[in-house]
Amino acid sequence: MASQSSTHLPDFPTVMPVLPVRDTVLFPHAVLPLTVGRQSSVNLVNALGEDKLILVLTQLDARNDNPQPAEMHQVGCIAIVHKIVRLPNQSLFIFTEGMVRAKVLNWQQSEPFLRAEVEMVPEEPAVAGPETEALQRNVVSTFQQIVGLSPTLSDELQALVASIEDPARLTDFVAANLPSLATPDRQALLENADVYARLGLLNRHVARELEVQQLRSKIQNEVQDQVQQSQREYYLREQLKAIQKELGEADENQRDTEELRKKIEAAGMPDEVKVEALRELQRLAKMSPAAADYSVTRNYVEWLAVLPWSKSSAEAIDLAKATTILNEDHYDLEKVKERILDYLAVRRLNPTMKGPILCFVGPPGVGKTSLGRSIARALGRKFFRLSLGGVHDEAEIRGHRRTYIGALPGQVIQGLRRAATNDPVFMLDEVDKIGRDFRGDPTSALLEVLDPEQNFAFRDNYLDVPFDLSRVLFITTANMLDTIPEPLRDRMEVIELSGYTEEEKLHIANKYLIAKQATENGVDVNRLDFQEAGVRSVIRHYTREAGVRGLEREIGSLIRKYARRIAEGKIPDTQAKLPITEAVVREFLGGPKVRTEVEVVERTRRPGVAVGLAWTPSGGDVLFIEANQMPGGKGFTMTGHLGQVMQESMQTALTWVRSHARQLGIAEDFFKEHDIHMHVPAGAIPKDGPSAGITMATALASLLTGHPVRPRLAMTGEITLSGDVLPIGGVKEKVLAAKRVGIETILLPAENQQNVEEDLKPEQLEGVALHYVRTMEEVLEWALPAPNQPAAVPAPEHHETVSSH
């Protein structure tokens, strides 16, 4: 048994349970409520005997959820648990009272809760004398002042502290109730058994706390005085206004006018604009604030004053830095990067050059908008983006005239105000989706904005003064050029951004998308192990796009699935890597969402089905063209929501097949006794364009000869009545689309060979054989096997061939 010499205390067991606590120190004779939530601590409270004695120790690190014996202070306080309250969340709320200081001698157990052999810490009484009494009185007096100044301490503490005569108990009482005493300082006071030394240490703490409380009170009083002064000034100002009104002296409106005049002088306006601004300001100064057009005139003058007439970016062109930025932000896109670097080089040699109007054209998700941001970074300019999709009103570009209620400048001038410079990178998004109706034609308004020969004196309807836009670098984006009027297209330098191959998407995902989505979803990217097979599975079976927007969404879905499991505790924090394999992709995302290579093979097994290639605003795609026959009388049916051009291509293909019926081995009376039906799935999607003629003729020839088209073969090209194959557009998009679905052989018009050499890289053509054809006979030789040949033929040694029949 252990005891303390200074006071009469009951005997305590030498072995007792230990309760670790965070940021809390229990002193003898202090009552402390504690919330017990850890399982080991709950087990401890549930196992208490009749004496209900525990040793309370403070953790060294409050963030540790499972402290071990070595991670706690070895000196604490023996406490008795007076009351236990069970909370709905399975935790406990207990009331403890400190008894005596004690230290751990040996640890007995750690499970299901901590238990240790303890020994009481005897105190060294303070020697009675003037010094001890002086320290004791100073601590009491200072603590009483702290209680008087602190808004959180009860005034009853002043009387309680004055009634304590024992120095040891006094130090414990003050230390337990001092509000700002740090946990290490409290622990030091608990471990100090010398009462006199404890008094001296506590005296320094209360002196510092008193100084802080006095400073806080002083600040609070000053703030209160300032509030009172503000109220007083408000009443004085109102009285001053009344006096000035009676005397006819200068008022608030005159000061406002002077401020606007200073802004006009500092704006650096051209002389013509400055004259207009000062004229309007003089007119404003003579107006009454109650006048109907006072606010209109004031807003107009303020718009003139705040526009960046002479404020430019501190442009310092560094080609090496620009190259690094473009490579950091974007993978591949070599032609685009070369054109941007060419512009920067010329800009460095000729700083006064007029900015070109670049137009990025490509399917969604290929990086058009983000490329504009990278250009702004490389130039060191501000970036502003304006979406023109669905804009119908010409006033959105040119602004409203001031005679209209609520008139404002156009979006171009508003964008320059937000950018706060006269040479930002100004991106006009979705320029191919501008509307046109009775309110005007926004594309015509853009002609002046985007013409370097005119925009140096752009006149907004609201401002009605010229503003120089020649220093602005305008960049437009579009998914297709067909809907852009020719005069507007003529003012822009078109740069095409085609889709990405599977290999390019794999690089983009590993280099950019995974890290971006991991950050957005709160998962450490170093814990994610995206395996190549898993990423390829997402690309092939869950996205079918030219860009990477859908791929980024699917990667985000995968990471969110892991984030949820981590938050739910299903994945332990100790698991270093989270593997994302092909099996995990299927588990998290479900079955494949897009058609696979198998579908291309299966649908072309029977005669009458051919695979064509189409260009769409969202990239290339494959197009199945089906033909079937039935008994009838020379009927020809076309379905599939076809446009006029495709219907004419079908008629042309049928005419060519009928005119070559003998060469194809078709009976002479076949067309008299049979109807033919051609269909292009899916019927709900409109289709048109001059590039499916040879595919239609091939489908008809396959149907009427009974020979299926070779598997994994696709084609594109227009046909004439004489059987010549005409060139088409969108070659790169179509080739990439064919490669995405597993096509191995592609037939292209011979005149498109130059497009392939210029637009496609060797790695993009890997695994695909291209054959260039000039006539329909050459198409059928490649597409339809001879009767004595198998349907599948080995791929040629070279990926490009030109038929020369």
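Visitor: Which residues of H2 meet which residues of H4?

Guide: In this predicted model, Gln136, Val139, Val140 and Phe143 of H2 are in contact with Pro167, Leu170, Phe173, Val174 and Asn177 of H4. Sorted by class, this contact of H2 with H4 comprises seven nonpolar and two polar residues, with no charged residues.

Visitor: How should I read the arrangement of the two helices, roughly parallel or roughly antiparallel?

Guide: Angles under 35 degrees count as roughly parallel. Here the axes of helix H2 (residues 130-149) and helix H4 (residues 167-177) come within 11 Å and cross at roughly 25°, which means that H2 is roughly parallel to H4. The crossing of H2 and H4 is left-handed.

Visitor: Is Asp23 buried or exposed, and how does Ala420 count?

Guide: Exposed means over 50% relative accessible area, and partly exposed lies between that and the 20% limit for buried. Asp23, with a relative accessible area of 54%, is therefore exposed, whereas Ala420, at 26% relative accessibility, counts as partly exposed.

Visitor: What is the peptide bond from Glu111 to Pro112, cis or trans?

Guide: The bond from Glu111 to Pro112 is cis, with omega near -5°, and Pro112 is placed in the loop between strand S5 (92-109) and strand S6 (115-120).

Note on methods. Residues numbered from 1 in each chain as written. Predicted model: local features only at pLDDT ≥ 70, side-chain atom pairs only at ≥ 80, totals over all residues. Heavy atoms only, no water. Helix = DSSP H or I, 4+ residues; strand = E, 2+ residues; numbered from the N terminus. Buried < 20%, exposed > 50% of the residue type's maximum accessible area, 1.4 Å probe, protein only. Axes fitted to C-alpha atoms, helices over the stretch in contact; angles between N-to-C directions. Parallel < 35°, antiparallel > 145°, perpendicular 65-115°, else oblique. Left-handed = near helix turned anticlockwise from the far one by under 90°. Contact = heavy atoms within 4.5 Å. Nonpolar A, V, L, I, M, F, W, Y, C, P; charged D, E, K, R; others polar.
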